[in-house]
Structure formats: structure tokens, C-alpha cells
Amino acid sequence: NNVLRADFTVSNYGVAIRRDDGPVIIGQSDAAAATAFADDLAQDGPGLQGVVGARPAAEAFAQRWQELTGRPHRLRVRLRQHALVAVNDVPVAPGAPRIATEADTEWLLEGQCAFVAEVGLPDPRERMRAALPKRVLRGEYRIWDHDGRVAFAGFSDAAPDFARIAPVYTPTDCRGRGYATSLVARMSRDLLARGKRRLFLT
């Protein structure tokens, strides 16, 4: 269930998206629009678990949310958004990539839950369990195999010319060997070869 709300006036602008029971994403909305989104969502979604966006917008939303609901807020994680248009050569790790299959779903779910816990994202296991099999069936996950599964990466189409790469995860006992680097490089080259002009990595 996608919820899209927008507020456009001469002086302010913004777009907010919320998928299922996940956080509201407000991107580069300005402070006035972010505050308007908080006003709107406080009536419809009092159980909201988070807001994602540029810091000024997220802070304006969170402050207004606290005024309306009495719920305190805190910064959980700061992320940088990178746009990729070409892939540099990187050392290739031992092993090879492959498209994830239905048989990989439970392993991917456990890895994604570990990823969410490690970085502190408010993404409930039930939501991931519902969404992940659909993405696997669409071919949106790749696994790096080296005597077994050692890393994974997912992608999603953002528009005809763009894609977003996420999540990327390597179990702790397999880190430091270049598996995820090799996998993201290969996935990025494949997506660019398919006509994507820009890839977004968080």
C-alpha cells in the first residue's frame, strides 16, 4: 500500500512517500512541506516509526511530530546518497555472482534482519518477510558464492533510467575479502549495460 502525499505552493515544495508500515520518506522536501506532512500523518498514522530525508526536512518533521503526538525523537543513522554513472576497476574477489533463487530466501531474510539490526533501521521482520520473496522472484537479488553464500546485494528500479542498489550485506565472518565490493561492481555494470544511466547507493 503506497501512500503519496505532496504539498506544492509558490514558496514551498515537497513529496512524501510511505510504503506499508515503513517510515515516511520526505527526501529534499523543504521545512514548511515537512511540517505539513507531519500535520497530515499525525492524524492517519500515529504509530509511525520513523522519517527518512535530508536532515533539515527530517528535523522539521520530527519536531512537529513531537509537538502533535508527544512522542520524542532521536537521530538513528546518517546516510550519504551516492550517484554512480560508471564503475571503476576493482580487484575481483574469489568466487562468482549469481541471481538469487527461492531457495535462498531464508538466508537472505536472516542477512537482511542482521543488516537492519546492525545499522539501526526501523524495518520490522514481518515487513521484510512479506516483501523479500517478491523481490527474489523479480530477480532483484544477487549472491556472491565462494564455497557457499558469502554476500548479497539487491536493487530496485527507481525509474526507467535509474536504479537503487540496496541492501548490501556480508555476514561478519566473511568480511574484509572484497565479496560485496565485487558483487556491487558487477551488479552496477550489468544495470548500466541494461540502459540505466544513474545508480543510487546509500
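# Briefing: mixed sheet, aromatic pairs and cysteines

A151 in β8 is the bridge partner of W144. The model is predicted. The bridge belongs to a stretch where strand β7 (residues 141–145) pairs with β8 in the antiparallel sense, over five bridges. Both strands are part of an open sheet of six strands with mixed pairing. The points below take up the sheet, the helices, the aromatic residues and the cysteines.

**Sheet order and edges**

- The strand order across the open sheet is β5-β10-β9-β8-β7-β6.
- The edge positions are taken by β5 (82–84) and β6 (96–99). Each has a single partner strand, so one side of each has no neighbour in the sheet.
- From one strand to the next, the twist averages 30 degrees.

**Strand pairing within the sheet**

- β8 and β9 run antiparallel and are joined by six bridges. The hairpin that joins β8 to β9 passes through two residues.
- For A153, the bridge partner in β9 is V168. F152 stands opposite Y169 in β9.
- β9 and β10 run parallel, with four bridges between them. I165 has L201 in β10 as its bridge partner.

**Helices**

- Helix α5 (residues 179–193) lies across β5, β6, β7, β8, β9 and β10 (198–201). The angle between α5 and β8 is about 30 degrees.
- Helix α1 (residues 31–44) has 14 residues, which at 1.5 Å a residue should span 20 Å. The end C-alpha atoms of α1 are 20 Å apart, so the two values agree.
- In α1, the buried residues are A33, A34, F37, A38, L41 and A42.
- A33 and I17 are 16 residues apart in sequence, and their C-alpha atoms are 13 Å apart in space. I17 is found in strand β2 (residues 13–19). The relative accessibility of I17 is 39%, so I17 counts as partly exposed.

**Aromatic pairs**

- With ring centres required to lie within 6.5 Å, the model has six aromatic pairs.
- One of them is F61 with W65, a stacked pair at 5.7 Å centre to centre with 15 degrees between the planes. F61 and W65 both lie in helix α2 (residues 55–69), four residues apart, about one turn of the helix. Both F61 and W65 are buried.
- F152 and Y169 form a tilted pair, with 5.9 Å from centre to centre and 45 degrees between the planes. This pair links distant parts of the chain, since F152 is in strand β8 (residues 149–159) and Y169 is in strand β9 (residues 162–169), 17 residues apart. F152 and Y169 are both buried.
- F152 and Y169 also belong to one aromatic cluster, together with W107, F115 and Y141.

**Cysteines**

- A disulfide is a covalent bond between the sulfur atoms of two cysteines.
- With a cut-off of 2.5 Å between the sulfur atoms, the count comes to zero disulfides.
- For C113, the closest cysteine sulfur is that of C174, and the separation of 18 Å is too far for a bond. C113 has a relative accessible area of 14% and is therefore buried.
- C174 is likewise in no disulfide, its nearest cysteine sulfur being that of C113 at 18 Å. The relative accessibility of C174 is 12%, so C174 counts as buried.

Technical notes
Residues numbered from 1 in each chain as written. Predicted model: local features only at pLDDT ≥ 70, side-chain atom pairs only at ≥ 80, totals over all residues. Heavy atoms only, no water. Buried < 20%, exposed > 50% of the residue type's maximum accessible area, 1.4 Å probe, protein only. Phe/Tyr/Trp six-rings, centres within 6.5 Å; stacked < 30°, edge-to-face > 60°. Pairing = 2+ DSSP bridges. Axes fitted to C-alpha atoms, helices over the stretch in contact; angles between N-to-C directions. Contact = heavy atoms within 4.5 Å. Expected span 1.5 Å × (residues − 1).
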